[in-house]
Protein chains: 4
Amino acid sequence: MSFFIGVSLKTIGIVTSGGDAPGMNAAIRAVTRIASYRGFKVLGFERGWEGLISNFVRPLTPRSVSGIIQLGGTILHTTRCPRMETPEGMEKAVDCLASNGVDGLVVIGGDGSFRAALALSERTDTLIVGVPATIDNDVAGTDETIGFDTAVNTAVQEIDKIRDTAISHERIFIVEVMGRKRGFLAAMVGLTVGAEIILVPEVPFKAEKVFNTIKDNAAKGKRSAIIVAAEGIGDTKKLALDIEKNTGLETRLSILGYAQRGGSPTARSRYLAGELGNKAVEIISEENGGQVACLQNGVITSIDLKTTCSMEKPLDLRLLKLADILAT
Amino acid sequence: MSFFIGVSLKTIGIVTSGGDAPGMNAAIRAVTRIASYRGFKVLGFERGWEGLISNFVRPLTPRSVSGIIQLGGTILHTTRCPRMETPEGMEKAVDCLASNGVDGLVVIGGDGSFRAALALSERTDTLIVGVPATIDNDVAGTDETIGFDTAVNTAVQEIDKIRDTAISHERIFIVEVMGRKRGFLAAMVGLTVGAEIILVPEVPFKAEKVFNTIKDNAAKGKRSAIIVAAEGIGDTKKLALDIEKNTGLETRLSILGYAQRGGSPTARSRYLAGELGNKAVEIISEENGGQVACLQNGVITSIDLKTTCSMEKPLDLRLLKLADILAT
Amino acid sequence: MSFFIGVSLKTIGIVTSGGDAPGMNAAIRAVTRIASYRGFKVLGFERGWEGLISNFVRPLTPRSVSGIIQLGGTILHTTRCPRMETPEGMEKAVDCLASNGVDGLVVIGGDGSFRAALALSERTDTLIVGVPATIDNDVAGTDETIGFDTAVNTAVQEIDKIRDTAISHERIFIVEVMGRKRGFLAAMVGLTVGAEIILVPEVPFKAEKVFNTIKDNAAKGKRSAIIVAAEGIGDTKKLALDIEKNTGLETRLSILGYAQRGGSPTARSRYLAGELGNKAVEIISEENGGQVACLQNGVITSIDLKTTCSMEKPLDLRLLKLADILAT
Amino acid sequence: MSFFIGVSLKTIGIVTSGGDAPGMNAAIRAVTRIASYRGFKVLGFERGWEGLISNFVRPLTPRSVSGIIQLGGTILHTTRCPRMETPEGMEKAVDCLASNGVDGLVVIGGDGSFRAALALSERTDTLIVGVPATIDNDVAGTDETIGFDTAVNTAVQEIDKIRDTAISHERIFIVEVMGRKRGFLAAMVGLTVGAEIILVPEVPFKAEKVFNTIKDNAAKGKRSAIIVAAEGIGDTKKLALDIEKNTGLETRLSILGYAQRGGSPTARSRYLAGELGNKAVEIISEENGGQVACLQNGVITSIDLKTTCSMEKPLDLRLLKLADILAT
């Protein structure tokens, strides 16, 4: 890594987009300070893509991002922005980048944000670089996204508490974690809380198998269980009722909600924010665009934005097998 | 307080009953060690009243309650036990106390447990003393119950995280906390997170007022809000939809689940467990029964079990007024 | 409690002084919002008494104290200010209050701050009211100070972690908590972590007794122990060495440092901040001064600033006796 | 990874040795359950190497390691054991393995433990495999050790609290973290709390540079700073005094103590425990010994115990440079 001072480029913009993730502020701080150090002027666009469409913009300086490394959320705010999917919205964003003289734009967000970023990159000269930040960890090309580790730990701490009650009452608990389409969060949470059963969208759901595992455990004298389920696996409320009916054991459902998106980022989420933010500025300094800063096999590197958007990140099913044996 | 050694009585039993609460283990530890110190033999009944009905019993010693002060849940387990409401169940419990030679029984639980304890006390010579432990804080006669402070802090920490997302997305969040009939938890949580609106069962719900408060705030530029609602106020899912329809602002619902019941007890919940557990043994040592150890205006004292069961604890509505002004 | 709007007075000032305590920000928020609601203009003096001496002052509004209820520290900053003890410093503070038209001043701090406040109150027409906020809980006249509950919980969480190591290594651990002159923090922390020994400045220290307790425990097979010691009890480093020499057991010292002063306030510290801040404004609204808002036997009330400053708050030694039995 | 059932080997022993680390229990659980699943009998040796020397041994089963994944410390206890460095001690350990019929021994610990393990492996037929677990992260050959992530997060949470006080009082804080010889912990903690200065044993300490950085910051109006220092850099107490003398700014020292070793392991420490524990059993199943399970560039693999013991793990100084720019 070199920290040389960029000269040919002048202004870097930052936008946080899509669902918020813990560590987005640490990433804003990293991009702003690294960019300033390299001689860039930095602009923050507010409220996600809405900020580019409506020109909600403000300067960012090393001082203005002080004291935010430990804060959840994003000081730039974020929205889901359907207008960005319209030709008019896209055009306005292109004009906004031009009128603000933005040479490079760092997009901090998840796969939805990156698809919009890709579309934008095909219509503007501004170099677009992505920094993957989402609790879902579902961005192809990076082993981990900013915020994932925090969300996992938040869920683990919640479930450690729920297990107190599960054991005291000898109950079955279904704990639904975020993940509409993907099971990265559920798999890692399930493995690290020692869940008896983990249900993810990637594996076809078989109710019979769930009932049998619970009944087998009960036969061995284990009358409480934690089932970690991604929200995308289907109707968990119905599942709770079905389990009670089929096993005769009291079953409760707990849906871990939006707290999974918030909270002070863990050290690892902050670390990734620092590294990936630094990498993003480096890419722009080298006058490259259409890239995503990422972590691959422990190394900070980059891949094509186009590649990221066209690939599906595979869930390591081996983890589920390991979790299964560890919970015996 | 005197710590003299009891002589006339011999055996104290302990049962934890109803919903579990953080600090129940600290209370078990306190009763066991104080009772041992005073010369009693101690027996633990397992699985709530079920333990008395089915004679699930084991000796407790100062060593066997070692290392539990910081644990959530209850090592004696607990159940909701409908059989205790039948004459047969009650009779078996009476017999169980007699056959185990239990001179005094400490019942650690909430108001439902105390009603069963009262019924039991009228049928047995065993001295029955209650130790109020429930996250709901709805036991009349005590200013605070074991577990309440922990549940409040758990909810506050969750909502502090949710606020990150609320502000970042400029959304309205309804956070539903436990409390089917009473709003003690919702009121204290709402006050201490700085909730814009607090909804409790004790105050008739007016949707119009909620919409207006949100619209007034939005007009002043405050586009995110936290609404803390006790589960007993009605359909919070419908409320979220109604708010969106009436205010045009994105609204989300987060139901804080069973984690509120678990987790390591706060210092205050442990402190109360120590004091109330000690008081319970003192009452039995003085050969009194039909009492509840309690905290009144900062003083550890006791009241009649019958009085507790016949009163409804009032919610201090002044707290809601104070919260309202503090959230302006 | 009445929330009428004050009319005869116009401006309330706020200063945070002495060591910071978690909940000071919640108190600033409470005083500012309650005062605004009652029709006062609010001024914040920065850097403790230094702000009055050097006229570091800024307006506070309900909006400017938004989002601070959950933050540790104090947005007004604080210092220890020897100049306030000089006639020149005091005169400047008096002039500052006059030139800013401050009708009532709320002093958020501990006993040192209150002594300066008393001296100031005797030289100015400005009504001076104290809000007790210190982790030491050593303010006479109030059962609890803002920040105490947070500091206790911070220490308890630390010691719960240290106990992991103590048990794993079968070691004796001395944990030194804050408290140069008083043992409120040590006593409550020791009781609620289940410390085997608690050492406070209020009880003459006897090394022999410590050695004997440890040796007795070891004889019973209990080879690890937690000793919670207030910093004021003497040289804990020497004590660790002496214990090793006298008992033959590995002994370690851990000094819990400044983290005890920081961190997000607990619900209880926030609650007290709301109540005591509200009370302070009420006192000023009623045109009273020279008072301290306080909590007595569960009731929010007030006492004379002079009384507070002339009394020493007693430590309830009964707590130590209770802790002793509970740790058997 | 294959989960075939081992047949040729019969008994696996487990020992935790050296300083304890969060996640050791998760590793004990993983080794026990994976080994049981593969058909091994499992024995736990207690109190580190002392357990092999004195034959402190007990059977471990999938049930007996239930409910420990979230606990700090080690249920097998650990000691520093000088006797293991004597020929007599070593001989007794060899005999103990033979008399208990231990075919494979999993040593959970740090580099000191691995040196003893290497010496042992040269004297016994028992296959010896290491699982790196130490908060110091100083085991060569693995990118990360079990417990490191937890210790980093514990320190980060502490320092986030200390920063409240640092800012409120406008003070310089030196925070000393563990690391007698190596700066892995200090570097990662410093980077992720946004420390203004990081001091590690690997970089020669220059007091002048520290003073100048602080004075430069003060000139820019930044009057508080966090200095994260590994304990191995020298006398931090003297440094605090020197900074005060040279910069005129109030400086405080906070030594983060043994809490860094304890506490519930983070998800990542638990995950690593699961993977490395699994790998260790796999190695033994394949009848290999003299290996260490490790993480290299995101992949779970193994290296020679001899290699680990002969290499020094380098600290990535680039991290310090990055931290430096990010703290500007």
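Predicted model: local features only at pLDDT ≥ 70, side-chain atom pairs only at ≥ 80, totals over all residues.

Reply: Arg223(C) sits in the loop between α7 (207–219) and β8 (225–230) of chain C, and Glu170(C) in the loop between α5 (148–169) and β6 (172–177) of chain C, so the pair ties together parts 53 residues apart in sequence. Arg223(C) is partly exposed at 34% relative accessibility. Glu170(C) has a relative accessible area of 14%. Buried means under 20%, so Glu170(C) counts as buried.

Now chain A. Arg171(A) pairs with Glu250(A) in a salt bridge, with the closest N and O atoms 3.2 Å apart. This pair links distant parts of the chain, 79 residues apart. Arg171(A) is in the loop between α5 (148–169) and β6 (172–177) of chain A. Glu250(A) is in the loop between α8 (236–247) and β9 (251–255) of chain A. Arg171(A) is buried, with a relative accessible area of 2%. Glu250(A) is partly exposed at 32%. The pair also belongs to a network of salt bridges: Arg171(A), Glu244(A), Glu250(A) and Arg252(A) are linked.

Glu250(D) forms a salt bridge with Arg252(D), and the closest N and O atoms are 2.9 Å apart. Glu250(D) is partly exposed, with a relative accessible area of 33%. Arg252(D) is partly exposed too, at 21%.

Technical notes
Residues numbered from 1 in each chain as written. Chains lettered and ligands numbered in written order. Heavy atoms only, no water. Salt bridge = Lys/Arg side-chain N within 4 Å of Asp/Glu carboxyl O. Helix = DSSP H or I, 4+ residues; strand = E, 2+ residues; numbered from the N terminus. Buried < 20%, exposed > 50% of the residue type's maximum accessible area, 1.4 Å probe, protein only.
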